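Subject: Structure for your files

Hello,

Here is the structure I said I would pass on. My notes on it follow below.

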Amino acid sequence: MRFISNFKNNQSSFGWVAIITHWLLAILIIGLYFLGDYMIDLGYYDQWYTLAPKIHEAVGILVLAFMVFRIIWRRTNIEPTPPASNSKLVNLASKIAHSVIYILTFVILISGLLISFAGGQGLEIFDWFTIPGPAEFFENQASTAGEIHELAALALMALVILHALAAFKHHFIDKDTTLSNMLGIKEKQ
Ligand code: HEM
Ligand code: HEM
């Protein structure tokens, strides 16, 4: 087994920048989902009551920064050509699924920011710095944005499960390079 050596994408493979940001974001986003789900049930006297949301928000901001970087990188790089065995329908379905993943992630990030900014308060990143909060944009901002945040997070997780199943199907059933490409593995010619 050999690994690719390119940082940028080329016709046949993703480069390391796209690969590392993909897996880093996957871990952070899935981690945020479980942390979010855990922290909303914490009682006032629980030791994680204040810290868990702080970590959730700070990591969320990190995800936002990586997402913006990833999109810029994607726009300034070529996309590897899909395996020749893919039907047109599979290529179209994966393009649509990837776009919906991006859209849902931004809906989650923006609604998360709106929950934290509700009431016009700033977003404190530990004791480090505060991102100033704009005034409330609409009534009941925290609860409306909270509903959207929860629903979009659920929808993203469902889509990511399908996305991972599709990757495994490509690897184990179609035996093509889709998953190896996202792992930086160079197939034998
Ligand atoms: C929260 C988790 C995840 C997110 C947000 C995510 C997002 C994405 C996006 C947006 C793409 C399109 C690449 C591009 O930007 O051009 C992609 C590609 C890919 N992802 Fe994920 N992903 C996640 C988890 C996973 C998991 C768990 C697996 C596999 C076990 C996986 C396997 C792949 C593969 C193989 C590709 C390449 C697909 C292709 O070449 O058409 N992803 N992912
Ligand atoms: C992709 C990134 C994120 C994911 C997957 C995620 C996921 C979640 C989940 C699953 C919950 C629990 C929702 C519920 O069941 O009611 C939650 C709550 C929350 N999230 Fe996020 N989140 C993300 C990013 C953010 C960001 C960027 C912020 C703010 C800067 C944020 C702020 C919050 C807040 C304040 C809550 C608590 C809401 C409440 O008390 O009802 N999240 N998040």
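Of the chain's 189 residues, 15% count as buried. Please keep in mind that this is a predicted model.

Overall layout

The chain contains five helices and four strands. Their order along the sequence is β-α-α-α-β-β-α-α-β. The C-alpha trace spans about 60 × 30 × 30 Å along its principal axes. Among contacts with a separation of 6 or more, 64% are between residues 24 or more positions apart.

Helix H1

I checked the length of H1 (16-39). At 1.5 Å a residue its 24 residues should span 34 Å, and the end C-alpha atoms are 34 Å apart, so the two values agree. The buried residues of this helix are Ala18, Ile19, Ile29 and Leu32. They pack against H2, H3 and helix H5 (178-183).

Nonpolar core

The largest nonpolar core consists of 14 residues, and Ile108, Leu114, Ala152 and Leu156 have the most contacts inside it. H1, H3 and H4 each give two or more residues to this core, with the largest share, seven residues, coming from H3. One of the residues named above, Leu114, touches Phe137, Gln141 and Ala145, leaving aside residues up to four places away in sequence.

Ligand 1

There are 19 residues around ligand 1, of which Ala26, Ile29, Ala164, Ala167 and Met182 come nearest. Ile29 is also on the list of buried residues in H1. At least two residues of this shell come from each of H1, H3, H4 and H5. By class, the shell has eleven nonpolar residues, seven polar and one charged.

Ligand 2

The shell around ligand 2 has 24 residues, and those that come nearest are Leu32, Gly36, Gly60, Gly112 and Glu150. Two or more residues come from each of helix H1 (16-39), helix H2 (51-75), helix H3 (88-117) and helix H4 (141-173). Which helix supplies the largest share of the shell around ligand 2? That is H3, with seven residues. Sorted by class, the residues around ligand 2 are 13 nonpolar, eight polar and three charged. Leu32, listed here among the nearest residues, is buried in H1.

Regards

Key: Residues are numbered from 1 along each chain as its sequence is written. Chains are lettered from A and ligands numbered from 1 in the order in which they are written. This is a predicted model: local features need pLDDT of at least 70, side-chain atom pairs count only at pLDDT 80 or more; totals for chains, interfaces and linings use all residues. A residue is near a molecule or strand if its C-beta atom, placed from the backbone, lies within 6 Å of it. Ala, Val, Leu, Ile, Met, Phe, Trp, Tyr, Cys and Pro count as nonpolar, Asp, Glu, Lys and Arg as charged, and the others, Gly among them, as polar. The expected span of a helix is 1.5 Å times one less than its number of residues. A residue is buried if 20 or more other C-beta atoms lie within 10 Å of its own, exposed if 12 or fewer, and partly exposed in between; C-beta atoms are placed from the backbone. Two residues are in contact if their C-beta atoms, placed from the backbone, lie within 7 Å. A nonpolar core is a set of buried Ala, Val, Leu, Ile, Met, Phe, Trp, Tyr and Cys residues joined through C-beta atoms within 7 Å.
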